[in-house]
Structure formats: C-alpha cells, structure tokens
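Subject: Structure handover

Dear colleague,

Here is the structure for your files. My notes on what turned up follow below it.

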Amino acid sequence: MDRRPPPETPLDAPAAALSTGAVARRLGVSPTTMRSWERRYAIGPARREDGRHRRWTPQDIARLELMCRLTGQGVPTAEAARVARDAGPDARAAAGPAPGVPRGNDTLPLGKVRPECRGLARAAVRLDAPAVRELLDTALAELGPVTAWEEVIAPTLHAVGRKWASAGERYVEVEHLLSWQVSSALHRVRPAPGPAAAPPVLLACVPDEQHTLPIEALAAALGEQAVPVRMFGAALPAEALHDAVRRTGPRAVVLWAQSRTTADRALARSVAGIEWGLRGARGRSALLLAGPGWTGRAPTAHTGRLYGLRSGLDVIAAVAGAGTVPVPV
C-alpha cells in the first residue's frame, strides 16, 4: 500500500478545480456534510463535469472556507451560510468573525503540520463528528497507525490541550469529542492475523490513570504487525493486573502512566517479579514502562522503558522475538 501523502494543491491555485474529496481533506469537512450544506444552504460548487461530478473552483472553496471558519467560531450554520453566500468572490478576504464572535484566537495552534492534521483540527473545532470520524479512518488506513498517530492525531490532541489550557472551559467539548472519536477509530483498526499460540503483549494503565489514548494507539500498531495484544485500558486495579499476568503469561507487560502522581513504582517492582506457568517451567514477563509519568531510574533491573510509539514497537518486537527479558533501555 502506498502510504505517501498525496501532493498538496494550493487552495488558491489559478486553475484549481478540485473534487469534493480533495476539498474535504483540506478543509476538514466530510463529503456528506458538504452535500448537506449544498442542499440546505446553496453552498456548493458552481461547476459540474458531465452534469454530475462536482468541481470546486477557488471562489467556491473560499466561500466554503469562510463558512467553516464561522461555524468553528460558534456561528449558527444557517447564519454562517448566509454570510458566506453574501461575501461574493472575495469570501476569503471577508473571513473574519461575525459581530460578537472573537477574532482569530479560536483557531488551534498547530504550527507546521500535515494537511490531514489541519483538516482534523478544523473539523474538531466545529464539532463535526462525521468529518472527524472520516478523517481519522482515512488517515489510519492510508498512513498506518504509527504515522497517523505521530503526524496527525497526536499533534491535534496536543493543540486542543494547549487551547483548553489557555481558554479555560471553552474547549472541553472539543477535547472530549476528539478523544472519543480517536479512541473509536483506533478500535476500528483490524489486527493482522498472527500465530495463534504466540504469547500476547499485555497493555494496561496504572490503577489511578485514566489517560489511555497512547496505549490504544500502541495496541492498534501492534495489531497491524500481527502481535497479539491483551488491552486492559484505564485504572486497572493492582490485584487484577497481577492476576492477568499470571493467567495470560505475556511476553511483555506495558504499564502506562501519564503523570508522576499516578506512576506507582512499587507496583512496577511487584509486576516485574511475577512468575507464571507450571512449577518447574515458570516464566517471567518483560516489564516495559511507558508514559511521561515514569521519570528517573527504572525500579528494577528487569524493566525497560518505552519513549515513543515508533521506537517502542522496535523494543517490543525485540522482546517478542528473543523471548527474553530485556536489559533496561
């Protein structure tokens, strides 16, 4: 599968006449939403090929871009459509906020990112759940879980977090919608078939940890590589974690902690010391600590660290292939 990003076409290119799909990817609007806006509010392309295929000119795109910006700032859809229609050919120049709507500072601070990331951010700010879902599914299918997480999903989540921190409670709804859609999209990634009898990798959060998206991304990436996974998610009680290790005999246990307040070093030491299997043929799992909460030295000599999704996959692959406990990394 070719996972290279498609060549970027500037929205204001002189001869640009883009398809609905191309415009949707750049502006973060699902084709379904675009067709709905065209039907209800007459926001659509003036040009069609063969009487059927929509082709969006720079002027059409400018009006749609203005409507997206206004709805992202909280303007009702019908009012945003009226402003966009009345703006005429200079719609992009008129893309300032409507009266009473804050100027400019409602956008997410993304910096230099992929166009898919900008589209996802725009859709999230508009609370356009169908567009967010479609953009996430497309990114995961075309780029794979690792690149999609590193270059599209994580930058958007971080930008929402920064905006939430600076804007108070105004962006809580954006963060919740995006997080839910990301989690759902990662769960939709179908794992590749692997050896039926291979020991799994167990993924869990420490007992007080509620942040799960990074290890959900890890689960999707491992599944793509046909590594069997047992995902236990947020706030798994310590005794339940111990029982799960003994019952599954995993090749590795990945323990996630988002913050230093949730990281439990005593728990890590106890998990690293668990032996499983029949008497006389006991085994022990590699313990891999993941997340920014684990700072300082590893709590035991048989514990490794994961510092990112891509490099973490390499560490897990080495553990699964060697069948031995790794030295700390």
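Glu116 and Arg114 pair through their side chains in a salt bridge, 3.2 Å from N to O; the term stands for a side-chain nitrogen of Lys or Arg within 4 Å of a carboxyl oxygen of Asp or Glu. This is a predicted model, in which local features need pLDDT of at least 70 and side-chain atom pairs count only at pLDDT 80 or more, while totals for chains, interfaces and linings use all residues. Residues are numbered from 1 along each chain as its sequence is written, and side-chain values use heavy atoms, with hydrogens and water left out.

Glu116 counts as buried because its relative accessibility is 17%, and Arg114 is buried at 14%. The classes are by relative accessible area: buried is under 20%, exposed over 50%, partly exposed in between (1.4 Å probe, protein chains only).

Arg114 also forms a salt bridge with Glu151, at 2.8 Å from N to O. This pair links distant parts of the chain, 37 residues apart: Glu151 lies in helix α6 (residues 129–167), Arg114 in the loop between α4 (77–86) and α5 (115–125). Helices are DSSP runs (H or I, at least four residues), numbered from the N terminus. Glu151 is partly exposed, at 32% relative accessibility.

Asp128 and Arg126 meet in a salt bridge as well (3.4 Å, N to O), and both residues are buried. The structure holds ten salt bridges.

Glu216, in helix α8 (residues 213–224), is a buried residue without a salt bridge; the nearest side chain of opposite charge is Arg188, 10 Å away. For charge, Lys and Arg count as positive and Asp and Glu as negative, with His and the chain ends not counted. The Glu216 side chain does make polar contacts with the side chains of Ser183, at 2.6 Å, and His187, at 3.3 Å. A polar contact is a pair of N or O atoms within 3.5 Å; within protein, one must be able to donate a hydrogen and the other to accept it, and residues adjacent in sequence count only if both atoms are side-chain atoms.

Last, the helix packing. Helix α2 (residues 31–41) and helix α3 (residues 58–72) pack at about 100°, with axes 13 Å apart. Axes are lines fitted to C-alpha atoms, for helices over the stretch in contact, and angles run from 0 to 180 degrees between N-to-C directions. α2 is therefore roughly perpendicular to α3, the range for that being 65 to 115 degrees.

Regards

How values were computed. Helix = DSSP H or I, 4+ residues; strand = E, 2+ residues; numbered from the N terminus. Parallel < 35°, antiparallel > 145°, perpendicular 65-115°, else oblique.
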